[in-house]
Amino acid sequence: MSSISAPDDGTTIRDHRREIWIVLGLSLGQSAIYSIISIIAKLTDSTPLAQQTTTLNRAQSERPLLDLTYQLSGIFFALIPVALALYLLSRDRFAGGSAPRSVGPDHCSQDADGRRSVWQRLGLDLSRRTAWTDLGWGAVLAAVIGLPGLGFYFLAQHLGFNTTVAPSGLNEHWWAVPVLIMAALENSIVEEVIVVGFLMTRLRQLSWTLPAVIAASAVLRGAYHLYQGFGGFIGNVVMGIVFAWFFHKEGRVLPLVIAHWLLDIVAFVGYQLFF
């Protein structure tokens, strides 16, 4: 594993801290706050938690084309914080001192100037050399997380500390399945790039220990899923630990995106078609 050197001066340290707050405040940190508010509302409701339903991918309008417009707009704008995170990380190589390196192994090719691009440092680059490996790891991770996760969901719901999750609330339009596949891709890109790639890189640059970095990434992932209940929180913390450790060892986010995308496709599209 390549360690990330701490920034050279106090100004850079402060900048990295501000960047974390800004990116999370515009994306998953904001989602975590609303998720905490949501679980408090659910717990203080007269209906028991296990008898409540949480619906994902809700319809935004009864008018099909207007609903489609809302869905596509939501997917597009949700990706803007990802663009911001990648832009901020890409500026590292222009800062004073040596360019920060990836959290994972230093096995990627370099830019023309001798420094790796943000795509290479996060393991988001598409190359013939890594394509099949990324797909393989993505499928393995999806299976490792998905099968036990499904069992844990039913157990949590049965024990009363999770809501019933309806992965799709879209009406039966011709575009519903393609939109759900795109929504699954958006979720996977936003979560894995920000909560794993960006956050872990910045925290390591701030000299956090590896256990603290993995814990922060995993707890954040669990926090923005609290709206589902405590089962959703625990299950996603476990997923976060596995994904963060994989990034630490392999230095690639793309297999995590693939795994997450596969999991969400099965949940979203499966529910839309069969329930």
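Arg-202 counts as buried, at 0% relative accessibility, where buried means under 20% relative accessible area, exposed means over 50% and partly exposed lies in between, with a 1.4 Å probe and protein chains only. The model is a predicted one, in which local features need a pLDDT of at least 70 and side-chain atom pairs count only at pLDDT 80 or more, while totals for chains, interfaces and linings use all residues. Residues are numbered from 1 along each chain as its sequence is written, and side-chain values rest on heavy atoms, with hydrogens and water left out.

**Overall build**

The protein chain contains 10 helices and 2 strands, these being DSSP runs numbered from the N terminus (helices H or I, at least four residues; strands E, at least two). Followed along the sequence, the chain shows the pattern α-α-β-α-α-α-α-β-α-α-α-α. Of its 275 residues, 46% count as buried. Taking contacts (heavy atoms within 4.5 Å) between residues at least 6 apart in sequence, 77% of them join residues at least 24 apart. The accessible surface of the chain comes to about 13,800 Å², with 66% of it belonging to carbon and sulfur atoms; these areas come from the Shrake-Rupley method with a 1.4 Å probe.

**Salt bridges**

Side chains of opposite charge can pair when their charged atoms come close. A salt bridge is counted when a side-chain nitrogen of Lys or Arg lies within 4 Å of a carboxyl oxygen of Asp or Glu, and by this rule the count comes to 8 salt bridges. One of them joins the side chains of Arg-202 and Glu-19, at 2.8 Å from N to O. Arg-202 belongs to helix H7 and Glu-19 to helix H1, so this pair ties together parts that are 183 residues apart in sequence.

A further salt bridge links Arg-121 with Asp-92, whose closest N and O atoms are 3.8 Å apart. Because Arg-121 lies in helix H5 (residues 118-121) and Asp-92 in the loop between H4 and H5, the pair ties together parts that are 29 residues apart in sequence. Glu-19, Asp-92, Arg-121 and Arg-202 are linked in a network of salt bridges.

Between Arg-221 and Glu-192 there is also a salt bridge, with 2.8 Å between the closest N and O atoms. Here Arg-221 sits in helix H8 and Glu-192 in helix H7, so the pair ties together parts that are 29 residues apart in sequence, and both Arg-221 and Glu-192 are buried.

**Nonpolar cores**

In soluble globular proteins, nonpolar side chains tend to be buried together. A nonpolar core is here a set of buried Ala, Val, Leu, Ile, Met, Phe, Trp, Tyr and Cys residues joined through side-chain atoms within 4.5 Å. The largest such core has 41 residues, and among these Leu-122 and Ile-194 touch the most other members. Several helices each supply at least two residues of this core, including H1 (10-26), H2 (28-43), H6 (131-159) and H7 (176-205). The largest share, 9 residues, comes from H7. Apart from this core lies another, of 13 residues, with Ala-176, Leu-180, Ala-183 and Val-269 among them.

Leaving out residues up to four places away in sequence, Ile-194 touches Val-23, Leu-24, Ser-27, Leu-28, Pro-81, Val-82, Ala-85, Ile-189 and Leu-199. Leu-220, a residue of helix H8, is in contact with Leu-24, Leu-28, Gly-29, Ala-32, Val-195 and Leu-199 when its neighbours within four places in sequence are set aside. Leu-220 and Val-195 are 25 residues apart in sequence, and their C-alpha atoms are 7.4 Å apart in space.

**Aromatic pairs and a surface patch**

Rings of Phe, Tyr and Trp (its six-membered ring) pair if their centres lie within 6.5 Å, with planes under 30 degrees apart counted as stacked, over 60 as edge-to-face and the rest as tilted. A search of the whole structure finds 4 aromatic pairs. Trp-137 is in helix H6 and Phe-246 in helix H9, so the pair ties together parts that are 109 residues apart in sequence.

Tyr-34 is found in helix H2.

The accessibility of residues named above is set out here.

| Residue | Relative accessibility | Class |
|---|---|---|
| Glu-19 | 11% | buried |
| Asp-92 | 5% | buried |
| Arg-121 | 6% | buried |
| Leu-220 | 12% | buried |
| Phe-246 | 7% | buried |
| Trp-137 | 36% | partly exposed |
| Tyr-34 | 55% | exposed |
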